[in-house]
Amino acid sequence: ASPSDFLLPEMKERNPWHSPATIIITVIGVIAVVALVTVIVLQNREIPQKYKYGIVMDAGSSHTSLYIYRWPAEKENNTGRVEEMHSCQVAGPGISSYASAPWKAGESLRACMREAEQQVPQRRHQQTPLYLGATAGMRLLSMENSSAAEAVLRAVEESLRGFSFSYQGSRTLRGQEEGAFGWVTINYLDERLGQPRPPGDRPPHQTLLQGLETTGALDLGGASTQISFVSDHFDGSESPDNSMVFRLYGNDYSLYTHSFLCYGKDQALRLALAHQTQDAPVTLLDPCFHPGYEASKDYSAVYDSPCVSSRRPQGAPLNFTHKGAGNFAQCQKVIRSIFNSSSCSHSRCSFNGVFQPPLQGKFGAFSAYYFVMDFLNLTDTSLPLETVKRELARYCSNSWDQVKQQHPAVKVKYLAAYCFSGTYIITLLTDGYNFSSESYSSIKFIKKIRGSDAGWTLGYMLNLTNMIPAEAPDSPPLPQAGYASLVTLMVLVLAVVLLLLALRPRWPCCSQQPQV
Ligand SMILES: O=P(O)(O)OP(=O)(O)OP(=O)(O)OC[C@H]1O[C@@H](n2cnc3c(O)ncnc32)[C@H](O)[C@@H]1O
């Protein structure tokens, strides 16, 4: 027999891969691999997201909209992004139009509320806050007839209480609030408030975005218009009424904001018509309307607003014929006359003696700014201001027949007024707010940001639900950290097991050298 015949059984017995220690280590290794794969699969599988919801109704002067917002249920504490999930346009006019039959205001909201009940999962209804905020239409009604305004809010309240959501109240926002919440909305959606980004959307090693320049907000409604921006030259002392101070995510903001009541585009049109009908004409040739446009207007309807009621001309006939002349330069002249730029008791003003610090940074212009400039194909602010004016002049000079023919699907009440509205926007921005040919390009006409409408409603809800904390959160969220630690631990265990297995043949007990 060869020496190897004697050695083989000995060698087999001493094979390190067959020893109990090796088997135990291998089993631990296999368990670690299985656990690691399970954790990764479980962590990354698509789990149905749980949401919380909030509803805000924007009761504007021209109409009411309902917005449903949602955010991941466990993350409202600073990291879950709130998004608009659904919106509903209430049929009919704004609630302030129901002054003579307030119950109809409540009634008008029901269809959208029923829609909201379908959209929000039923089990969440009772925890879903519902807010209604009214804006300039109700501000005007309060000035005109405060008891009628209260009756409308009561009727609206009664109607909203009848639904299963957690009703939190209906009130008329002050102009400054409307401006400031619009500013919060666009900067929140644009992630410019230094807020932590949701996990997965976060650049590596970054939890906070500090020191970003914020975007100013320009909101053009039907009855009022707001301008809000952060200026290094404004600490509130020169005009405290225009100051809003916030601390958001650990950053302090001193915001300049002003709301011009009566300078929304519908009321501004009344101001322009009032200016042109002071002599009580029977026929008005209006440069802000297309040539060939002709409509009969009641004096009482034009002057039926606190913005113009005191200026109704004595001895005016019942109505007048409103005819278009389609002349941009003349229209601008009329519009300039509704801004008082002659008196300013501050260091600097926008118009009507209102303080305004120097414009600073970029601006987002939304609501009617967007509707109008989008229709006119003029949302591109890299176009020189002169080109924009030339385009407007060309558009205004188009005949009314031609305009109607080119846009058969557009509501006539909007279509008739786009020449006025576009000219008003350009004049408000330049003559009113002092945007120059250069700073015009810092404006972006926007409708939505990341799928959510620009407007005051989201900022209002974030504020009332305390969803924007004053201080930044210190630590990243736990579940992600837990997941990362677990995976790291398992990888470490695996590495140790593999190392032990690799070194196994060198262990004294398992060495293949024949023992002496
Ligand atoms: O903030 P307040 O002043 O109360 O007004 P509102 O809330 O009713 O104002 P919106 O932002 O809803 O609308 C602004 C204006 O734009 C008008 N508008 C809405 N859709 C439009 C469109 O497609 N084209 C032109 N104008 C439009 C609307 O009638 C208003 O006069």
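**Notebook: ligand shell, domains and sheets**

I began with the ligand and found that the shell around it draws at least three residues from each of domain 1 (49–172) and domain 2 (265–445). I note at the outset that this is a predicted model.

**Entry 1. The ligand shell.** I counted the surroundings of the ligand: 21 residues. The closest are Gly60, Ser62, Gly221, Gly222 and Ser367. I then sorted the shell by class, which gave seven nonpolar, 12 polar and two charged residues.

**Entry 2. The domains.** I looked up how the chain is divided and found domain 1 (49–172) and domain 2 (265–445). Taken over C-alpha atoms, the centres of domain 1 and domain 2 are separated by 30 Å.

**Entry 3. The five-stranded sheet.** I traced an open sheet of five strands in the order β3-β2-β1-β4-β5, and its pairing is mixed. Which strands stand at the edges? They are β3 (83–89) and β5 (166–172); each has a single partner strand, so one side of each is left without a neighbour in the sheet. From one strand to the next, the twist averages 15 degrees.

Strand β1 (residues 51–59) and strand β4 (residues 129–134) pair in the parallel sense over five bridges. I located Val56 and found that its bridge partner in β4 is Tyr131.

I then looked for helices lying across these strands. Helix α4 (residues 110–119) lies across β1, β2 (64–72) and β3, and runs at about 145 degrees to β3. Helix α16 (residues 456–464) lies across β1, β2, β4 and β5, and runs at about 125 degrees to β1.

**Entry 4. The three-stranded sheet.** I found an open sheet of three strands in the order β10-β12-β11, with mixed pairing. Its edge strands are β10 (283–286) and β11 (294–298), each of which pairs on one side only. The twist here averages 30 degrees from one strand to the next. Strand β10 and strand β12 (residues 319–324) run parallel and are joined by four bridges. I noted that Leu285 stands opposite Lys323 in β12.

**Entry 5. The annotated regions.** I consulted the UniProt record, an unreviewed entry, whose annotation "transmembrane region" covers residues 20–42, 414–435 and 483–503. I examined residues 414–435 in the model: the chain there is 77% helix and 0% strand. The end C-alpha atoms of this stretch are 26 Å apart.

Methods. Residues numbered from 1 in each chain as written. Predicted model: local features only at pLDDT ≥ 70, side-chain atom pairs only at ≥ 80, totals over all residues. Near = placed C-beta within 6 Å. Nonpolar A, V, L, I, M, F, W, Y, C, P; charged D, E, K, R; others polar. Domains from an automatic or database assignment. Pairing = 2+ DSSP bridges. Helix = DSSP H or I, 4+ residues; strand = E, 2+ residues; numbered from the N terminus. Axes fitted to C-alpha atoms, helices over the stretch in contact; angles between N-to-C directions. UniProt positions renumbered as here; feature names shortened; annotations may be inferred. Contact = placed C-beta atoms within 7 Å.
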